[in-house]
Amino acid sequence: MGILKEWKDPGILLSSIAISNIGNFIYLIAINIIVFQLTGSAAAVAGLWIISPLTNIATKFWTGSFIDYRSKRKIMMSTYVIRAVFISLIPFAPNMVVVYGILIVLSIANSFFHPASTTYLTIVVPIEKRKRFNAIRSFASSGAFIIGPAIGGALLFWLSYEITLWINAVLFVVAAMLLLLLSEKENIDQNKVPALTISQVVSDFIVVKDFFVANRYVSAIYLGFTIIMIFSFTMDTQEVVFTQRVIGLSEIDYSLLVSITGIGSVLSAILLSIFATKISLRYMISIGLIMMTIGYVIYAFSWSFLSIVIGFLILGFFNVFLNAGIMTFYQNNVPVAVMGRVTSIYQLIQSVVQVVFILGIGVLGDVLSLRVVIASLAIVMLLISVIYTCLVLKTDKKRFFLEDIN
């Protein structure tokens with residue numbers, strides 16, 4: 001009973017996030033199909049990839065300033081409700097201009113959700129439980145990665161896309177209602193909440209800059225992780241084209257490949273949630289990163305379905321280790337008081353570089369062969385990962401990875 005009581009609030013929070021993750025994947029499948037059916041244009045579908053980073057660039061300057069002074073739980077609930085309302089409005093959109101307008105609103109809501117949820121998780125989950133919680137959260141995310149598209153595909157096959165989107169909206173409402181079961185963990189004095197002005201945003205930028213300067217190692221580790229994941233994201237944007245045009249896989253082969261990757265991630269998350277306390281944070285991050293990158297290298301040089309399955313299984317399995325480890329490190333080393341602002345600035349940097357990389361790979365793909373581009377990205381990613389691992393394993397930095405309450 002003691003364990004159940006200790007995990008009550010984290011469990012409710014985890015359930016809310018898991019349900020919203022399933023909703024995210026249903027939405028992702030549905031909106032790609034809907035946009036392609038309405039336009040018949042691959043470019044219109046590709047434009048969906050660019051909405052999120054561009055929206056982040058426009059909003060991340062000030063989202064942190066808004067989040068850090070307000071209730072993170074209420075912000076999360078509000079973003080759930082906003083997403084539910086606007087997803088349910090998509091079937092009534094008269095043209096693609098309105099559809100893209102709705103997608104931008106949804107992306108803005110999501111840009112508030114991530115910094116708020118990261119901070120709220122840190123508040124709700126005690127330090128000694130964070131590694132296991134993040135491992136279980138990875139299990140929920142991996143499960144959603146498999147279940148969400150399957151549910152989305154089945155709903156679209158058996159029902160109309162309108163009903164699929166409305167069911168999707170209901171999931172976000174349920175996720176918001178679960179958060180109502182949690183008590184307010186913050187003491188927010190509304191009289192002391194500063195107005196969201198340009199001078200306030202500039203002041204908060206200075207606070208974040210001071211944090212970066214005072215915590216160079218923590219900043220370098222998380223920024224390095226962000227850069228490495230941009231390489232991963234960039235290769236993922238070309239995944240369908242690479243597997244089908246370069247490797248020669250069919251659409252069925254590709255669907256099977258995605259499912260196998262998801263299964264690998266689920267198995268990894270289950271093992272990690274069981275043995276999380278047995279693996280040090282430094283080794284979780286280091287092993288996860290190196291092995292995930294090796295998986296990408298195998299993928300980049302693959303020549304058959306079997307070889308690419310091996311690469312995807314490795315990267316899917318160890319990606320869970322890396323993400324759970326780096327999230328725990330981040331929560332343990334960034335103060336809650338500035339976490340919303342710091343997270344927003346990191347995501348701003350990530351979004352700017354993502355846009356540059358996506359455009360760059362598009363140009364290089366026309367000049368060079370896609371095989372050369374993907375292989376080059378994978379090799380550079382591996383070299384950066386080796387340097388990064390050396391930084392993580394430095395003996396004199398061991399204190400940053402301790403998980404003791406004190």
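Here is a short walk through some aromatic pairs and charged side chains in this structure. The model is predicted, so to speak of local features requires pLDDT of at least 70 and side-chain atom pairs count only at pLDDT 80 or more, while totals for chains, interfaces and linings use all residues. Residues are numbered from 1 along each chain as its sequence is written, and side-chain values use heavy atoms, leaving out hydrogens and water.

Let's begin with the rings. The whole structure holds 21 aromatic pairs, where rings of Phe, Tyr and Trp (its six-membered ring) pair if their centres lie within 6.5 Å, and planes under 30 degrees apart count as stacked, over 60 as edge-to-face and the rest as tilted. F66 and F112 have ring centres 5.6 Å apart and planes at 90 degrees, so they form an edge-to-face pair. This pair links distant parts of the chain, 46 residues apart: F66 is in helix 3 (residues 42-67) and F112 in helix 5 (residues 96-124). Helices (H or I, at least four residues) are DSSP runs, numbered from the N terminus.

F66 is partly exposed at 26% relative accessibility, whereas F112 is buried at 11%; buried means under 20% relative accessible area, exposed over 50%, and partly exposed in between (1.4 Å probe, protein chains only). Y299 and F312 are also edge-to-face, because their ring centres are 5.1 Å apart and their planes at 65 degrees. Both Y299 and F312 are buried.

Back at F66, R70 lies over the ring face, 4.2 Å from the ring centre. A charge sits over a ring if NZ of Lys or CZ of Arg is within 6 Å of the ring centre and within 35 degrees of the ring normal.

Definitions and conventions
Helix = DSSP H or I, 4+ residues; strand = E, 2+ residues; numbered from the N terminus.
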